[in-house]
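Q: Hi! Could you walk me through this structure in plain words?

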Amino acid sequence: MSPELEPEIRRRQRERAKIMAILLILFAILIFAVTIAKMTVNQ
Amino acid sequence: MTSLPISQDAASLPATSRDLFALTKPRVISLVVFTGLCGLLAAPVYVHPVLGFTAILCIALGAGAAGALNMWYEADLDAKMKRTASRPLPAGRMDRQTALHFGVGLSFFSVILMDLAANHLAAAILAVSILFYVLVYTVWLKRRTAQNIVIGGAAGAFPPLIGWAAATGHVSTLPMLLFAIIFLWTPPHFWALSLFVRTDYANAGVPMLPVVAGVESTRRHILVYTLPMIAAAVAPWVLGLAGWIYGAVAVGLSAAFLILALFVAGNRATEPKQMAPEKRLFTFSIVYLFGLFAAVVVDKWVLA
């Protein structure tokens, strides 16, 4: 791997880390909503 | 499967999120999501919006996972075809291991989430659909037989079954007919496409029907397979599982499909530029499927 690729690698890693963080937050919200929905349906 | 000549620099870079998204075949997902949603909405039960949304999300993620695994396995084929050469793997923008990990991870995630949000049956059918598309269609059939899409078409037919199962927890006659419609629709749809891109398939060594049996035979096959497809399309109305709205749409769209298939059967052109009837049938076949499935839902909501 050539040194000139280093900034591009870091940029892509940052971009993927941000998207993964957003997806994890959305996943947590989804699981919370699914739990509430299942409790509502079961009542 | 052979290894690809990928640019070392490009392949060593982490894949971009745009390329990971492209791995999921977003255009295919739109049809999968739509038919899955129609299966869910046509079910005769109340579905909590959050659970319904999650079930459709799982169907989309499962389809995306299957698409990614398909691209992982077929990277060498994709590189040989104009239509697919710019995909992330053949274009050398991603290493194959990333695609494999992404596809397997997404598969497990979608099935587990479906099990948590809906039920075991929906999760099991989702798992079977992913495995069927990857193992039966991609790995086993596609490179071996001209009947690849006849049997492999079942993979794309599962979404309405999954949607219905997610809503009700069981499977009955109507979702089985919705499955049959897509299953029988797939051969005429893909054969129409493969007629005008057959050089691509021939160059890649994929034994699609026009490559193996010729153009004329494929046109006859399209017409012959259209008949059981139409029978399946009108069956929900004939059997009393859908009302007159669906019946009218199914009869009208099927008549148009049959006329276009007759034009294809009557065409004698061998050059793609002269295959206007085939291109028309291919485009209309997408409208046909959207129309039928939309009619199932409208019929149920209006006449219920």
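Q: How do α7(B) and α8(B) run relative to each other, parallel or antiparallel?
A: α7(B) and α8(B) are roughly antiparallel, a label for angles over 145 degrees, while under 35 is roughly parallel, 65 to 115 roughly perpendicular and the rest oblique. Bear in mind that this is a predicted model, where local features need pLDDT of at least 70, side-chain atom pairs count only at pLDDT 80 or more, and totals for chains, interfaces and linings use all residues. Residues are numbered from 1 along each chain as its sequence is written, with chains lettered from A and ligands numbered from 1 in the order in which they are written.

Q: Thanks! What angle do their axes cross at?
A: Roughly 170°, and the axes of α7 (residues 120–141) and α8 (residues 148–168) of chain B come within 9 Å. Axes here are lines fitted to C-alpha atoms, for helices over the stretch in contact, and angles run from 0 to 180 degrees between N-to-C directions. Helices are DSSP runs (H or I, at least four residues; strands are E, at least two), numbered from the N terminus.

Q: Which residues of α7(B) meet α8(B)?
A: Among them are B:L121, B:I125, B:F132 and B:Y137, and the α8(B) side includes B:I151, B:F158 and B:L161. In contact means that C-beta atoms, placed from the backbone, lie within 7 Å. Nonpolar covers Ala, Val, Leu, Ile, Met, Phe, Trp, Tyr, Cys and Pro; charged covers Asp, Glu, Lys and Arg; the others, Gly among them, are polar.

Q: Switching topic: what domains does chain B have?
A: The domain assignment gives domain 1 (17–170) and domain 2 (172–304), with bounds from an automatic or database assignment. Their centres, taken over C-alpha atoms, are 21 Å apart. Each domain of chain B puts 27 residues into the contact.

Q: Which helix gives the largest share on the domain 1 side?
A: α8(B), with 10 residues. That side of domain 1 has 16 nonpolar, 6 polar and 5 charged residues.

Q: And what about B:R219, buried or exposed?
A: B:R219 is buried, with 25 other C-beta atoms within 10 Å; the cut-off is 20 or more for buried, 12 or fewer for exposed, and partly exposed in between. B:R219 lies in α12 (residues 215–238) of chain B. Beyond its neighbours within four places in sequence, B:R219 is in contact with B:V264, B:A265 and B:N267.

Q: Last one: how many residues do chains A and B put in contact?
A: 16 residues of chain A are in contact with 12 residues of chain B. The chain A side has 9 nonpolar, 3 polar and 4 charged residues.

Definitions and conventions
Contact = placed C-beta atoms within 7 Å.
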